[in-house]
Amino acid sequence: MSADQSKTEPAKDGAETLSNLLKEDRTFPPPAEMAANANVTPELVARADADPEAFWAEQAKRLTWGTEPTQILDWSNPPFAKWFADGRLNAAHNALDRHVEAGHGDRIAFHFEGDRGDSRDITYAELTDEVCKAANALTELGVKAGDRVGIYMPMIPETIIAMLACARIGAPHMVVFAGFSADALASRITDCGVEVVITADGQFRRGEPTALKPAVDAACEQCPGVRSVLVVQRTGEKTEMVEGRDVWWHDVVDRQSSEHTPEMFDAEHPLYIMYTSGSTGKPKGILHTTGGYLVGTAFTHWASFDLKPETDVFWCAADVGWVTGHSYLVYAPLVNGATSVLYEGTPNSPHQGRWWEIVDKYKVSILYCAPTAIRTFMKWGHEIPAKYDLSSLRLLGSVGEPINPEAYIWFRTHIGRENCPIVDTWWQTETGMHLIAPMPGVAEAKPGSAQHAVPGVAVAVVDEEGREVANGEGGYLVVKKPWPAMLRTLWGDDQRYVDTYWSRFDGLYFAGDGAKLDEDGDIWLLGRVDDVMNVSGHRMSTTEIESALVSHDTVAEAAVVGASDPTTGQAIVAFVILRESATGREEDVVEELRRHVATEISPIAKPRQIMVVDELPKTRSGKIMRRLLRDIAENREVGDVSTLTDSTVMDQIAKGLKRG
Ligand code: WT7
């Protein structure tokens, strides 16, 4: 991208990744005991396949409705779906009160484990009281149903309380991952018109307090619409409070009544907005609504993880700032009445066995995490988990990127002791719930393949024309029928919703992923086919990072690619053309640019490598050919250069890099 243009060539490297597919033919049948007692049976799968809508209507009975729905799917105005449209319910009531009313108030909802080893068990009854108080406090701050509330918080109980309090009063929350910059927070606040933000003074990281509130203050400078900031005291460090705008949580929430009658909202009432990177610079505000989302997430949490709420201890290690945290740390486990672990800290603080110590301490039976974490544990060595008792584990889940067979086998052997099915769940911020996952107890697992659509969901792999491919072939992953937890639109941009997901193939949801069917018809995910990278399971847009780079005054042009990386899946590699003014201080500038991207977007968006070049490869129409840059970034021989304006550019780049 040059400072004034952002043309890129649509990536079309499905074929390239297909040929890289690992040959893997080991399979693992489910442990006999699990198969005998599994939630999902072949009968359930057959019933769901035979009549998906009737199946989802049956699943809607997992919820407690104020008004039972009589409608199932309304697809009369595609691609704008409505699910259970005449039903009314309250999300927080489903997550909390109804379990207390059913006599489970003493059940632990969360085992909270703080970074510094402080811990706290919170029962369903306690969580309900806390959420009621917070709901009363938000009402006192003037928050009404429909108002968007920003949440920028660490992994502490108050974050979940804040989300549920918003849901309880019908105010959609918009959580921003606390690792994002003030600028990223500000653009999201502006895009969806947030007036009230909930945050914390800071969080603990590797035993040390790190501040969060200053980022909110900086964001508010760009967002005059924010009138209240509610601040949780977590670290107790000195914190600036803006008179008339900022209030402490303990001053406002603690004095509230723990009585609060939940209002029933339409099933299609907005539950939350979550921003995610698209293939252009501007993040997309994914809108999720209430009834269908809760049905879809509660069902998949029960099915994919074979959840037994009375006896399991479930640990979803994702941050609450991502969709995995929303669906499988907050909403689904609570709706299902499960007991979960909530962990504030990092995997290697104070030592590299911290996760396994937590599994052992709380007798975690289901662990859900990302392949990048597994590959990191592999690097640290299997001697570390071997020091702990992991015998409570009975199922392992994986999410965020394809789990390569090597990581799969390590996870299975050293964490699962050969006795836990590994459930590789494919889904997206947009899908809200798992769409592809091998059902434990039913599927014969294949390392590296997510295998089958979940019951009630219909996916396919299609070619350029939208025709389903035969077994053994690859193409684009699509979803054939609406599903309950699907996004309803992009906040404030129906047209972009239609263009991004529903225009590539007629009547099919385009996921943006390449996939292949093997000879058995099992699905293998092959990564994104657009300008989106997957770094440690985090979605990053190449164009967004290019924009950040060209916003720096030393950069004339920038192109970013995702290069494969043994730990993070993909890593960010940037090619930049510097302005004259930077001549002679290239090395310093490169460091400055990495820091600049971190402040503009987030530390996780920092390029692994920045290469200074004199030219970028472009087609005659001016589009950057990222494919060729990726060849360089991955140390491959450079591919076909015939469509370049100047075919010697690649030689110049390669030579220049050797010189540098
Ligand atoms: C993209 C969605 C939804 C959870 C976290 C990421 C990739 C996700 C898998 C998987 C292969 C996967 C896809 C997808 N992805 N899960 N099991 N196997 N790829 O959410 O940020 O919305 O990213 O992550 O490329 O499109 P997200």
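This is a predicted model: local features need pLDDT of at least 70, side-chain atom pairs count only at pLDDT 80 or more; totals for chains, interfaces and linings use all residues.
1. In which sense does α19 pass α20, left-handed or right-handed? The crossing is right-handed.

2. Two packed helices are described by the angle between their axes and the distance between the axes. Here the pair consists of helix α19, residues 542–550, and helix α20, residues 586–600. Their axes come within 9 Å of each other and cross at roughly 120°. The two helices are therefore oblique to each other.

3. Which residues make the contact between α19 and α20? From α19 come I545, A548 and L549. They meet L593, H596, V597 and E600 of α20. By class, the residues of this contact are 5 nonpolar, 1 polar and 1 charged.

4. The next point is the ligand. Its surroundings comprise 22 residues, and the closest of them are W426, Q428, T429, L525 and R539. Sorted by class, the shell has 8 nonpolar, 9 polar and 5 charged residues.

5. Which elements supply at least two residues each to the shell around the ligand? They are helix α13 (323–335) and the strands β20 (422–425), β24 (509–517) and β25 (523–528). Of these, β24 gives the most, with 3 residues.

6. Strands β24 and β25 also belong to an open sheet of 4 strands, in the order β21-β22-β24-β25 and with antiparallel pairing. β21 (459–462) and β25 are at the edges; each has a single partner strand, so one side of each is left without a neighbour in the sheet. Ignoring direction, neighbouring strands of this sheet are turned by 45° against each other on average.

7. Within that sheet, β24 and β25 are joined by 4 bridges in the antiparallel sense. One point to find in the structure is K516, whose bridge partner in β25 is W524. When looking along a strand, recall a general rule: in a regular strand the side chains alternate between the two faces of the sheet.

8. Another antiparallel pair is formed by strand β4, residues 108–113, and strand β5, residues 119–123, over 5 bridges. Which residue of β5 stands opposite F112? That residue is R120. β4 and β5 form a hairpin, with 5 residues between the strands. In the turn, G117 has a positive phi of about 90°.

Terms used. Residues are numbered from 1 along each chain as its sequence is written. Axes are lines fitted to C-alpha atoms, for helices over the stretch in contact, and angles run from 0 to 180 degrees between N-to-C directions. Angles under 35 degrees count as roughly parallel, over 145 as roughly antiparallel, 65 to 115 as roughly perpendicular and the rest as oblique. A crossing is left-handed if the near helix is turned anticlockwise from the far one by less than a right angle, and right-handed if clockwise. Two residues are in contact if their C-beta atoms, placed from the backbone, lie within 7 Å. Ala, Val, Leu, Ile, Met, Phe, Trp, Tyr, Cys and Pro count as nonpolar, Asp, Glu, Lys and Arg as charged, and the others, Gly among them, as polar. A residue is near a molecule or strand if its C-beta atom, placed from the backbone, lies within 6 Å of it. Two strands pair if DSSP finds at least two bridges between them.
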